[in-house]
Amino acid sequence: MSKQSFKVCFCFRRIFKLQATGPPEDVQYLFNRYSQNGTMTLDQLRYFLIDFQEEKHATREDAQAIFNSLKHLNIFQRKGLHLEAFFRYLLGDLNTSLPPSPTVHHDMTAPLSHYFLFTGHNSYLTGNQFSSNSSVEPIIDALRRNVRVIELDLWANDKKDNVEVRHGGTATSPVELIKCLRAIKENAFYASEYPVIITFEDHLTRNLQEKVAKMVTETFGDMLFRPESEYLPEFPSPESLKKKIVISTKPPKEYLDIESNTKGRAGTKKMKDSAEEQPRTKEKHSSRDKIEIEGTVTEAKLEEEEELHQDEDLQNAVPDYRRLIAIHAGKLKGGLESWLSIDPYRVRRLSLSEQELENAVKTHGTEIVRFTQRNLLRIYPKGTRIDSSNYNPFVGWMHGAQMVAFNMQGHGKPLQIMQGMFRANGGCGYVKKPDFLLEVGANNEVFDPSAPFPVIKVLKVTVYMGEGWHLDFRHTHFDLYSPPDFFVKVGIVGAPADTRTKETKPIEDDWTPSWNDTFEFPLTVPELAILRVEVREYDTSGKSEFAGQTCLPIAELRSGIRAVPLHNRKGEKYKSVKLLMCFKFEDTNLSNEFSL
């Protein structure tokens, strides 16, 4: 396609030529530097990979693979690469910004508490938290995207003779538990062989817990991880749990034996919701189920009642059901200090809402870091996020929280950042926490997220050009009357001191824009930083339009000139749209060790 026409009125059209974009000046300079007489040989390409791209272990076989990938192009010659072939290689699939052929390369033999886990919230919901349908499809989709923690809310059905999954106290439709369990079994290890943890929010009577125990045991069989003792002194490693299903829940707050209760009493919809997560609705509830959308009435009271009942519940729990629980969850009696207390003989999981975490880090930041060195901390969205939106994950990650639970249907910037984080480590759903979150100093001190840190790296980012929009979008998608005016937003999300965004200038009426803009980003905590790139179409009205995005973990970003494929809002990669960018790191003279 060499020309495009845009209808302005009944009798007038604007004609635009599609310009072919040539190699940027930097690419021409590098080609001349590493080639001879206009041709880059196999050995010269290998030297370019080692010297400029910083691929220290590049071999002649790697260079040959690049040659082979270009043979179908008319511009390829046997003797070597000409400039145009070299340029097409730089924009090709072999020149990725993250390590190619994703492989797990983090140490996977440490306890589970040493990792960030790709974690879902209310994993069965297809839409909002109040009225959407419950289904197995979001569970399947999450598992196939390497989500490793699936949450299911367990309730009795209307007849109280079976178990269903739904968001209690809301108008969400239910789905049968057995369907969810089967979907998990069939898809758990489709994309990753590392363990899947199922967190149950339990609102069941004792006889239904017994039914759940039988369902889980029969569905998963040998896939189910059963610890040798009721309480674990230390969590097992992801490596030791490969292809295992792990159950995590807390003993429920109360058991209603149907036989001993008065017939006709309101069923599980009238049971008080879990103190861990309460839906905020405007529905009418019994006195045991008072919930307000502001979330100001019952949470503390319910947690107080939970503490009074917890010891008794441990004794009353159905034995088969209790034996399912590999990771015990719950809050100890007392306030935040008690919740964060560390038992040297047993580990557990604690859940806090995003709001509880934000309040807790103001006064107990280092205690949270210390707690997460041995125990698991799960953060979940506050109840007022009825629209299934998400929150800033870095508050949790900076304090070592392993399970930052997200609504996987809540597409937007926070979920894109989450997807970027878990592109690391081969996309297996487990990312090893930085050492500084796990270390204890000589005086028993731990990392303090609120302390100021020196800049230890500077990332230099150059945005050269982009292509592919005219192949993946209608020619009037962005503008009815002319080609698009693209600009690029480049930023760091991470520690507060590192977070910033910069923009290129917009390029008018061009499907293959060239920007050639360079930005520098000083980094104090590069281990947790994410590079976020978003392309938008400029509009004089001030409302720019989305045109692609990606988020990349800085810890695994490859130096050199790289092709950067873009994704849609949901995180699905476009077929053709990509940017050509350059990444270079400069170390400062300051140590990258955090002082403890």
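Which residues of helix 11 are buried?

**View A. Helix 11 bends at His364.** This is a predicted model, in which local features need pLDDT of at least 70 and side-chain atom pairs count only at pLDDT 80 or more, while totals for chains, interfaces and linings use all residues. Residues are numbered from 1 along each chain as its sequence is written, and side-chain values use heavy atoms, with hydrogens and water left out. Helix 11 covers residues 354–372; helices are DSSP runs of H or I of at least four residues, and strands are runs of E of at least two, numbered from the N terminus. The bend is about 105 degrees, taken as the angle between axes fitted to the seven residues ending at a residue and the seven starting there. The buried residues of helix 11 are Glu354, Glu356, Leu357, Ala360, His364, Gly365, Ile368, Val369, Phe371 and Thr372 (buried: under 20% relative accessible area; exposed: over 50%; partly exposed: in between; 1.4 Å probe, protein chains only).

**View B. Arg378 lies in strand 11.** The strand comprises residues 376–380. Arg378 is buried, at 1% relative accessible area.

**View C. Cys180 and Cys582 are buried.** The relative accessible area is 0% for Cys180 and 7% for Cys582. The model has zero disulfides, a disulfide being a pair of cysteine sulfur atoms within 2.5 Å.

Methods
Expected span 1.5 Å × (residues − 1).
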